[in-house]
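Hi everyone, thanks for coming. I'd like to walk you through a structure that may be new to you, so please have a look at the screen.

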Amino acid sequence: RQALSNGWDLTKLDKLISKAGIKIVPFTKKEADIAAELMSERMEVCKTCNKIDWVDTMIYSFLGCAPTVLVTNNIVDFPDSDRVHTPEFIMKAYSRAR
């Protein structure tokens with residue numbers, strides 16, 4: 001959606017993703033069920049755009065696929081989870097583990 005909104009050529013984007021070795025995980029019925037359940041629990045809308053944030057909910061639905069950690073500065077839009085962290089948290093945790 002964002003690529004199309006920005007006028008990107010999706011064929012070039014696919015080639016870039018492939019060249020970088022990035023694996024695209026399909027959004028299946030399992031993730032759709034998780035996202036729908038989350039959305040039914042959070043009927044409030046974004047105070048800025050006045051819309052339900054489906055993108056964040058779709059991303060969060062992948063956390064059922066262990067071992068997955070979501071790294072984002074936007075942690076307020078996700079239910080409490082030990083697998084949703086800010087980049088700063090991850091960097092500190094990584095530094096301590098070394």
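Let's start with a pair of charged side chains: Asp 33 and Lys 29 meet in a salt bridge, with 2.9 Å from N to O. Please keep in mind that this is a predicted model. How many salt bridges does a search of the whole structure find? The search finds one. Both partners, Asp 33 and Lys 29, sit in helix H3, which covers residues 29-41, and they are four residues apart, about one turn of the helix. Asp 33 has a relative accessible area of 40%, so Asp 33 is partly exposed.

Now let's go inside. Which residues make up the largest nonpolar core? There are six of them: Leu 38, Tyr 60, Leu 63, Leu 70, Phe 78 and Val 84. Take Leu 70 as an example. Leaving aside residues up to four places away in sequence, Leu 70 touches Ile 59, Leu 63, Phe 78, Arg 83, Val 84 and His 85.

Is His 85 buried or exposed? His 85 counts as buried, because its relative accessibility is 16%, and the cut-off for buried is under 20%. Its side chain has a polar atom 2.7 Å from the backbone oxygen of Asp 82. Beyond residues up to four places away in sequence, the neighbours that His 85 touches include Val 69, Val 71, Thr 72, Ile 75 and Ile 90.

Back out to the surface, please. Phe 27, Trp 54 and Met 58 form a nonpolar patch there, and together they have about 290 Å² of accessible area. One of these, Met 58, belongs to helix H4, residues 54-61. Met 58 counts as partly exposed because its relative accessibility is 33%.

My last stop is helix H2, residues 10-19. This helix is hardly covered: among its ten residues, the count of buried ones is one. At the start of H2, a side-chain oxygen of Asp 9 comes within 2.9 Å of the backbone nitrogen of Thr 11. After H2 comes Gly 21, which has a positive phi, near 75°.

That's my tour, and I'm happy to go back to any part of it.

How values were computed:
Residues are numbered from 1 along each chain as its sequence is written. This is a predicted model: local features need pLDDT of at least 70, side-chain atom pairs count only at pLDDT 80 or more; totals for chains, interfaces and linings use all residues. Side-chain values use heavy atoms; hydrogens and water are left out. Buried means under 20% relative accessible area, exposed over 50%, partly exposed in between (1.4 Å probe, protein chains only). A polar contact is a pair of N or O atoms within 3.5 Å; within protein, one must be able to donate a hydrogen and the other to accept it, and residues adjacent in sequence count only if both atoms are side-chain atoms. Contact means heavy atoms within 4.5 Å. Helices (H or I, at least four residues) and strands (E, at least two) are DSSP runs, numbered from the N terminus. Patches are made of residues with over 30% relative accessible area and no salt bridge: like charges are joined within 9 Å, nonpolar side chains (Val, Leu, Ile, Met, Phe, Trp, Tyr) within 5 Å. Accessible areas come from the Shrake-Rupley method with a 1.4 Å probe; for residues, only the protein chains shown count as cover. A salt bridge is a side-chain nitrogen of Lys or Arg within 4 Å of a carboxyl oxygen of Asp or Glu. A nonpolar core is a set of buried Ala, Val, Leu, Ile, Met, Phe, Trp, Tyr and Cys residues joined through side-chain atoms within 4.5 Å.
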